[in-house]
Structures are given as structure tokens and as C-alpha cells.
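Good morning, colleagues. Please look at the display first.

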Amino acid sequence: MAETTVSPWMGTPEGATYTGRHAKTLLKALRRGELLGYQNGPRGSWRIHRDDLDAWIRGERPQKLRKSA
């Protein structure tokens, strides 16, 4: 049986489901710098790490950028 690896990186739709917030709320937080993430190109999709979402839910401000996987 093959093992499946769950990535800690999510897009905004998955992050919205994970946090129970709307995807537009996550996008606004990303653009304001309240939530860490990286964007694939100037109009690309956002990728957010699960740990950063957890910190954002707790109300913590981002400390530094996380290197993408």
C-alpha cells in the first residue's frame, strides 16, 4: 500500500476551509501582511503554510518569511 504525504502548504480555498473563514478574508490578510504566504507570480495563486494559518487564527503577527517547499 502506498503512503500518501499531506503537504502543509495550502491554497486560499483550502486555507479558508481549514480556518472556517472566507477565501477573500485570507486574501485581504495576505495583502495587508497579517498572514504569511507566497504568490506564484504577480497574478498567481497564493500558497500558505498550515503553521502560519494556525498562528493567524491565534491572532499572532508574522515574525519572518517562511521558505517555500
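Glu60 is partly exposed, at 40% relative accessibility; the term covers values between buried, under 20% relative accessible area, and exposed, over 50%, with a 1.4 Å probe and protein chains only. Please note that this is a predicted model, in which local features need pLDDT of at least 70 and side-chain atom pairs count only at pLDDT 80 or more, while totals for chains, interfaces and linings use all residues. Residues are numbered from 1 along each chain as its sequence is written, and side-chain values use heavy atoms, leaving out hydrogens and water.

Which residue does Glu60 meet in a salt bridge? The partner is Arg58, at 2.9 Å from N to O. A salt bridge here requires a side-chain nitrogen of Lys or Arg within 4 Å of a carboxyl oxygen of Asp or Glu. Arg58 itself is exposed, with 55% relative accessibility.

The count by this rule is two salt bridges. Arg32 and Glu34 form one of them, with their closest N and O atoms 3.4 Å apart. Arg32 is exposed at a relative accessible area of 54%, whereas Glu34 is partly exposed at 25%.

Turning to the chain as a whole, 28% of its 69 residues count as buried. Its secondary structure consists of three helices and three strands, taken as DSSP runs: H or I of at least four residues for helices, E of at least two for strands, numbered from the N terminus. Along the sequence, these elements follow the pattern β-α-α-β-β-α.
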